[in-house]
Amino acid sequence: MTDPETPVAVNRPATSPDGRRVLGMVPGKPVAGDRKEPDEQDLVMVWPHLLVRHAVAAMSMLLLVLVVSVFFDAPLRSVANPTLTPNPEKAPWYFAALQELLSHFHPLVAGVLIPTGIIVGLVALPYIDNGSEQRVRYRKVAVAMFTLFLVAWIVLTIIGFAFRGPNWDWVWPWTDWHGEL
Amino acid sequence: MDVTDTRPGMIARLRRSPVGRSIFRSPARLTPRDRAAGHWSNFFLHIYPVKMRRREIAFRYSWYLGVFSTVLLGSLVVSGIYLMFFYVPSPNQAYTDIQTLQTEITFGQYIRNVHRWSAHLMVLAVAFHMARVFYRGAYKPPRQFNWVIGVVLLLLTLLMSFTGYLLPWDQLAFWAVTVGTEMAGYVPFIGDSVREMLLGGPVVGASTLLRFYVLHVAVLPSLIVLVLMVHLWRWRKDAMLDQNTMSDQNVMSDQDRSER
């Protein structure tokens, strides 16, 4: 019965899954054409289609955290001592890019103008890149600018986090590790 | 339409029993229309739209980074509440509390690890979420303002992480926060007063620890949950739109939407 080419006995009464009698089955394709192919733009029910995926994603992330926590302990250095400044003195990793900029520019630029500019830029982004076209190839300027910013920020973060040692001098992380999480 | 639920199986049979009917209160949803109504009347599903486009529920569309961020926030709340039982935010006690937590408290070290790694991962997840939304063009009309709310959530996440960084009161915490708050001091005119307000004094000390603690366990979590609720609510409202045909001019008003 699974092979659509095989003729099905139409004169034998069959039973449908819910127990009701089926009077007859007609083999072949429906008159109106083939079954509709699922379209990307079709609306589908969130339950179960999205919720199952979200549940799997959520549990995977939770599992990752629970497993990582078995093998890696959170760091705890010696007790805080205001008279003993460590060298290098490092901000948390997500501020490493700012700290790296501070070593190159005037504090007013690196500590105030650039962070403020980034926040204002991010807030204004949907009103600057305000066409209705979503696809990357139709908004090349916005994508190029954002990518430039993103790459620069990631590079600066990695440099500030891993490639800076005592006196904020350049170090190679594989010989001299100063990153702190 | 009269459709009787005759499906086999334990769950279906439980639903048909008197006890099952008292729990679920409504008959099984068999038709699509019924299922939509069932979704609509479920408290736990109210943050989700009833239907979404097939394209937008696939992993490759969003990489589920919003889900990851939300799950990590949940993990942080749960582990953080556990840690609060064993921690006093005072310079004399904070550090020894962490030591005791790690050596004597059941699961203390493990829960601290969960909290720490969840926090780092959440900053990453939120940042990647933003990048993904950008490249997907998912902030296009009429969703511009939800992007702005997302920027606020990113800043709140950073503040949550930064205030928490001080609490172990070790060298790492003390000097990272010293460096971090020095940046606030560079703001012209108001910089020094902002910094003193944040620190509760000229340098990182007892009042800083207490301020950061209160911000970390009360003020910022409440704010982040509130803003997140608005973020999700707007996401749900817009989730069924076909953005390819949207522009500023033909954005549906709420009234159009309720008539649909």
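Modeller: Let's start with chain A on its own: of its contacts with a separation of 6 or more, 40% join residues 24 or more positions apart. Keep in mind that this is a predicted model. Chain A has four helices and three strands, and along the sequence they come in the pattern β-β-β-α-α-α-α. Of the 181 residues in chain A, 14% are buried.

Now bring in chain B. Where the chains touch, 63 residues of chain A and 71 residues of chain B take part. On the chain A side, strand E3 (43-45), H1, H2, helix H3 (107-128) and H4 each supply at least two residues. The largest share of that side, 14 residues, comes from H1(A). Sort the chain A side by class and you get 40 nonpolar, twelve polar and eleven charged residues.

Let's follow H1(A), then. What does its packing against H6(B) look like? The two axes come within 9 Å and cross at roughly 50°. An angle under 35 degrees would count as roughly parallel, and roughly perpendicular begins at 65, so H1(A) and H6(B) are oblique to each other. The crossing is right-handed. H1(A) brings A:His54, A:Ala57, A:Ala58, A:Met61, A:Leu62 and A:Val65 to this contact, while H6(B) brings B:Val67, B:Phe68, B:Val71, B:Leu72 and B:Ser75. By class, that makes nine nonpolar residues, two polar ones and no charged ones.

Hold on to B:Phe68 and B:Leu72 from that contact, as they come back in the part you asked about. The largest nonpolar core has 62 residues, and those touching the most other members are B:Phe68, B:Leu72, B:Met122, B:Trp169 and B:Ala173. Which elements give two or more residues to this core? From chain A they are helix H1 (46-71) and helix H2 (96-102). From chain B they are helix H6 (65-84), helix H7 (94-103), helix H8 (108-136), helix H9 (144-166), helix H10 (171-184) and helix H12 (206-238). H8(B) gives the largest share of the core, twelve residues.

Let's zoom in on B:Met122. Setting aside neighbours within four places in sequence, B:Met122 is in contact with B:Ser69, B:Leu72, B:Leu73, B:Leu76 and B:Thr157. There's B:Leu72 again, this time as a partner of B:Met122.

How do H6(B) and H8(B) lie against each other? Their axes are 8 Å apart, and the packing angle is about 155°. Angles over 145 degrees count as roughly antiparallel, so H6(B) is roughly antiparallel to H8(B). This crossing is left-handed. The contact of H6(B) with H8(B) has 15 nonpolar, eight polar and two charged residues.

Next, hop over to H12 of chain B, where B:Phe212 sits. Is B:Phe212 buried or exposed? With 26 other C-beta atoms within 10 Å, B:Phe212 is buried, because the cut-off for that is 20 or more. B:Phe212 touches B:Thr163, B:Leu166 and B:Leu167, if you leave out residues up to four places away in sequence. And although B:Phe212 and B:Gly164 are 48 residues apart along the chain, their C-alpha atoms are separated by 7.2 Å.

Finally, a few backbone details around the helices. The peptide bond from A:Asn87 to A:Pro88 is cis, with omega near 0°, and A:Pro88 lies in the loop between H1 and H2 of chain A. Chain B has a cis bond from B:Pro141 to B:Pro142, with omega near 5°; B:Pro142 belongs to the loop between H8 and H9. Then look at phi. A:Trp168 isn't a glycine, yet its phi is positive, near 60°. A:Trp168 is in the segment after helix H4 (140-162) of chain A, and its 17 C-beta neighbours inside 10 Å make A:Trp168 partly exposed. B:Phe189, also not a glycine, has a positive phi of about 65°. B:Phe189 is found in the loop between H10 and helix H11 (191-199) of chain B. With 7 C-beta neighbours inside 10 Å, B:Phe189 counts as exposed.

Note on methods: Residues are numbered from 1 along each chain as its sequence is written. Chains are lettered from A and ligands numbered from 1 in the order in which they are written. This is a predicted model: local features need pLDDT of at least 70, side-chain atom pairs count only at pLDDT 80 or more; totals for chains, interfaces and linings use all residues. A nonpolar core is a set of buried Ala, Val, Leu, Ile, Met, Phe, Trp, Tyr and Cys residues joined through C-beta atoms within 7 Å. A residue is buried if 20 or more other C-beta atoms lie within 10 Å of its own, exposed if 12 or fewer, and partly exposed in between; C-beta atoms are placed from the backbone. Two residues are in contact if their C-beta atoms, placed from the backbone, lie within 7 Å. Axes are lines fitted to C-alpha atoms, for helices over the stretch in contact, and angles run from 0 to 180 degrees between N-to-C directions. Angles under 35 degrees count as roughly parallel, over 145 as roughly antiparallel, 65 to 115 as roughly perpendicular and the rest as oblique. A crossing is left-handed if the near helix is turned anticlockwise from the far one by less than a right angle, and right-handed if clockwise. Ala, Val, Leu, Ile, Met, Phe, Trp, Tyr, Cys and Pro count as nonpolar, Asp, Glu, Lys and Arg as charged, and the others, Gly among them, as polar.
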